[in-house]
Amino acid sequence: MTNRFAVILAAGQGTRMKSKLYKVLHSICGKPMVEHVLDNILKVNTDKIVTVVGHGAELVKTSLGGKSDFVLQEEQLGTAHAVIQAKEVLGNQNGTTLVICGDTPLITAETMEALIKLHESQDAAATILSAYTEKPDGYGRVIRNTNRTVEKVVEHKDASEDERKVKEINTGTYCFDNQALFEALEEVSNDNAQGEYYLPDVIEILKAKGKKVFAFQTPDFDETMGINDRVALAEAERLMRNRINNIHMKNGVTIIDPTNTYVDSDVKIGMDTILYPGTIIKGQTVIGEDCQIGPNSELVNAKIGSETVIRQSVVHDSLVGEKVQIGPFAHIRPQSNIHDDVKVGNFVEIKKSEIGKGSKASHLSYIGDAEVGSNVNLGCGSITVNYNGKSKFLTKIEDNVFVGCNSNLVAPVTIGEGAYIAAGSTITKDVPGESLSIARARQVNKENYVKKLNLNN
Ligand code: UD1
Ligand code: CA
């Protein structure tokens with residue numbers, strides 16, 4: 001097989017975004033747009049990927065991690081100038097080079113593969129990925145001669161009135177014969193409306209050398225959309241959201257209202273799970289089968305076992321087992337591990353705690369920095385007092401403990417297996433297993449005292 005390489009152009013500032021964040025780092029469905037591009041390229045099996053960075057170089061590099069090589073374009077003199085920066089890495093290679101912009105996150109791996117296949121089967125020097133649109137403004141136009149073969153690409157700003165009427169646009173993605181690309185790049189000039197070195201000029205240069213040049217027109221213009229401002233960003237988010245939700249629905253997930261359900265691109269969801277409206281599922285969340293999530297719930301990097309129900313609640317960076325019930329209105333904060341069959345009811349907050357199998361905190365509790373065993377009942381208003389203003393301390397509650405309503409467990413403290421805490425207690429010392437602990441003032445009834453106070457006259 002021919003060697004395959006890819007170059008991602010990601011050095012621009014993205015002035016039209018009006019943002020402190022560099023354009024290609026703006027997220028679409030939870031992932032920077034340039035990472036969408038890269039992750040799709042990874043699916044088409046390339047031997048090397050080179051990303052051209054400039055503005056925000058360090059941040060872009062961090063975001064793409066070990067998945068790409070990088071070259072620096074110090075000054076942004078145009079897309080051709082950007083590709084030339086990859087010469088030191090790719091210049092001597094033989095093969096096919098895919099060039100793609102970091103701001104076209106919707107182009108799928110299937111489209112990339114189809115483009116590469118056509119290019120290689122035709123033994124072409126260059127193949128442009130083009131698309132047809134009724135609104136070609138701003139895009140470079142693909143100019144064909146009377147035989148319908150591709151002649152050149154002209155940028156909107158340089159196009160004549162007739163050329164502007166052309167509705168076949170350059171998507172900014174191309175395949176090149178690698179050697180032919182780097183040779184032609186040497187000849188690109190910046191004699192144009194923007195004073196930039198345009199990559200699409202390579203087409204006309206190759207054509208003049210008698211080389212074969214094609215355009216592969218994708219039927220789906222939406223896929224090729226370039227994100228230059230926030231309006232396009234929102235539109236791309238909508239298209240990507242649709243695409244992601246459709247994949248889950250086709251895999252057997254019920255989504256009651258797909259226009260109002262927001263699932264990040266790396267999320268995994270099991271069959272027969274139901275997502276109710278207003279649900280936001282982010283990051284690396286994995287959800288089992290037969291779950292019910294929502295309405296109005298937010299899961300971030302959560303791992304949720306099968307048959308679990310999460311209603312109107314928030315779960316962040318935590319593990320939740322099978323057949324767990326959470327909510328309504330519960331907040332599971334990072335580093336919590338909630339085992340199977342647990343019930344976490346309304347107005348319960350759990351932070352950095354382990355909750356053992358079958359335990360319950362049904363109402364109005366704060367459980368932080370705690371290790372809770374199995375079959376523990378945490379009564380309404382149970383609080384772990386984990387913080388003294390300076391440090392955090394651990395509360396250990398062993399299996400089968402019953403904590404009565406409105407109890408404070410002042411950490412560090414251990415409640416032994418099977419112990420029973422009377423309601424309203426403030427526990428400051430360890431409680432041995434199987435004991436009853438009462439830590440509250442004794443009730444005193446002063447008979448007829450009200451009369452004596454004479455308050456009722
Ligand atoms: C480009 C194409 C245009 C095409 C459109 C598709 C050129 C000259 N024009 O226009 O034909 O229709 O994409 O979306 O190529 N970049 C660099 N270094 C630079 C300049 C740009 O890395 O010096 C990067 C940008 O970060 C961006 C990409 O190249 O990711 C495209 O640049 P942009 O300025 O958005 O080009 P368009 O004007 O959209
Ligand atoms: Ca663009």
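Around ligand 1 in this predicted model stand 24 residues, of which Gly12, Gln73, Thr79, Glu155 and Asn170 come nearest; a residue is near a molecule if one of its heavy atoms lies within 4 Å of it. The shell divides into nine nonpolar, eleven polar and four charged residues, where Asp, Glu, Lys and Arg count as charged, Ala, Val, Leu, Ile, Met, Phe, Trp, Tyr, Cys and Pro as nonpolar, and the others, Gly among them, as polar. Residues are numbered from 1 along each chain as its sequence is written, and ligands are numbered from 1 in the order in which they are written. Local features need pLDDT of at least 70, and side-chain atom pairs count only at pLDDT 80 or more, while side-chain values use heavy atoms, with hydrogens and water left out.

Oxygen atoms of ligand 1 lie 2.6 Å from a backbone N or O atom of Asn170, 2.8 Å from a polar backbone atom of Gly12 and 3.3 Å from a side-chain N or O atom of Asp103. Strand E1 (4-10), helix H3 (79-84) and strand E10 (168-177) each give two or more residues to the shell around ligand 1; E10 gives the most, with three. Helices (at least four residues) and strands (at least two) are DSSP runs numbered from the N terminus.

The whole structure holds four aromatic pairs, that is, rings of Phe, Tyr and Trp (its six-membered ring) with centres within 6.5 Å. Phe329 and Phe347 form a stacked pair, 5.6 Å centre to centre with 15 degrees between the planes; planes under 30 degrees apart count as stacked. Phe329 lies in the loop between strand E24 (325-326) and strand E25 (331-332) and Phe347 in strand E27 (residues 343-351), so the pair ties together parts that are 18 residues apart in sequence.

Note on methods. A polar contact is a pair of N or O atoms within 3.5 Å; within protein, one must be able to donate a hydrogen and the other to accept it, and residues adjacent in sequence count only if both atoms are side-chain atoms. Rings of Phe, Tyr and Trp (its six-membered ring) pair if their centres lie within 6.5 Å; planes under 30 degrees apart count as stacked, over 60 as edge-to-face and the rest as tilted.
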